[in-house]
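Opening the notebook on a new model today. I want to go through the salt bridges and then the overall build.

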Amino acid sequence: MQSQPITLRRYTKFLCVVTLFLILLGALVKSTESGLSVPDWPTTYGKFMFAYPLNKMAGGIKYEHTHRMLASIVGLLTLILAIWMLRVEKLAAWIKRLGIFAFLTVVAQGVLGGLTVLFFLPVWLSTLHGVLAQTFFLVIIFIAYAFSIERHQRWNIEEESYNPQFLRWAIVLMGMVYIQLIIGNIMRHDQAGLAIPDFPTMGWTFFPHFDQAWLNRINAWRFENNLDPVNMGQVMIHLTHRAWAFLILINILWLNKIAYKECLDRPLILKTLYWLNMAVILQITLGISTVLSHKEVYTTTLHVTTGAIVLGLSFLMVLRASPLTWRQFKALTTKQ
């Protein structure tokens, strides 16, 4: 495999960072409930987006409009990346197709963002918009890794060791984190973030009863705090989010056990796992703080952003634990 142009390699990493910042801005829009601060699309109060006066960007408009402008910039950067990749000679066809897919994904993401405004933020559409943002982030990470020096150097290793058990559990972890982000998106957009407003108890008990009296207790607290009542469905999606987080933690602990027993000769995997451990600890802390602070804006926003970081790190760990060819990957993951 030939090394890739250094400028293009750095550009892919830059796009990863910008995409993560875009996710942060999107989370801030939701945390401040600014999604309809600009009620039209693709214009901004009837003006071309980039022609809207900066001195009018006050209140929720500054969050929503800034998010739109950065999203447009990310779309342009992705278009440049796709064209750039298509023009690079001797670049593998699958990588070029990945660049095209990234551009189509970011276009779909932009359209979904606009539709959420035009249809007044329906839960299913807003959730799809949030999940597709995380998917686009993974695609950009994949492209950045495909151009990385690390991947190029791995081609020159004659016998790189792999552990099928670790790889399978790493893939399971990435899938679990992705599902958790879907659950989290549904919870946020269904206004269920405080459907259970206490921690570590759940409705002021360690053993929820799931009856009307339990729900009434929660809604009494919400009434006292000027919040709308919730139904049992909202409570269940919140409870599912907590339970799934616990299962992810168990998976992380199991991966650590395998790694420090079987993967000591793979320092990059151990390094990735270390940062993933730190990110998961931070994410759990932010999740608890989100509830206890009654969804304080910046705490909630950081919780969503750290979720994207956990997803990105789990995907990076899969990439580092996997062989470089699909044939080897398939053989390893199906190996008993």
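**Salt bridges and fold**

I started with Arg-68 and Glu-64, and both are buried. This is a predicted model, so I keep that in mind throughout. The two side chains form a salt bridge, with N to O at 2.9 Å. I looked up their place in the chain: they sit four residues apart in helix α2 (residues 60-87), which means about one helical turn lies between them.

How many salt bridges does a search of the whole structure find? I get three.

Next I checked Arg-320 and Glu-150, whose side chains meet in a salt bridge at 2.8 Å, N to O. Arg-320 belongs to helix α10 (residues 297-321) and Glu-150 to helix α5 (residues 149-154), so this pair ties together parts 170 residues apart in sequence. Arg-320 counts as buried at 14% relative accessibility, and Glu-150 is buried too, at 15%.

Then I went to Lys-30 and Glu-33, which pair at 3.3 Å, N to O. Is each one buried or partly exposed? Lys-30 counts as buried, with 13% relative accessibility, whereas Glu-33 is partly exposed at 44%.

Stepping back, I counted eleven helices and zero strands in the protein chain. The C-alpha atoms fill a box of roughly 65 × 55 × 25 Å along the principal axes. Of the 336 residues, 52% count as buried.

Last, I looked at charge: the mean positions of the 28 positive and 16 negative charges are 8 Å apart.

Conventions. Residues numbered from 1 in each chain as written. Predicted model: local features only at pLDDT ≥ 70, side-chain atom pairs only at ≥ 80, totals over all residues. Heavy atoms only, no water. Helix = DSSP H or I, 4+ residues; strand = E, 2+ residues; numbered from the N terminus. Buried < 20%, exposed > 50% of the residue type's maximum accessible area, 1.4 Å probe, protein only. Lys, Arg positive; Asp, Glu negative; His and termini not counted. Charge placed at Lys NZ, Arg CZ, Asp CG, Glu CD. Salt bridge = Lys/Arg side-chain N within 4 Å of Asp/Glu carboxyl O.
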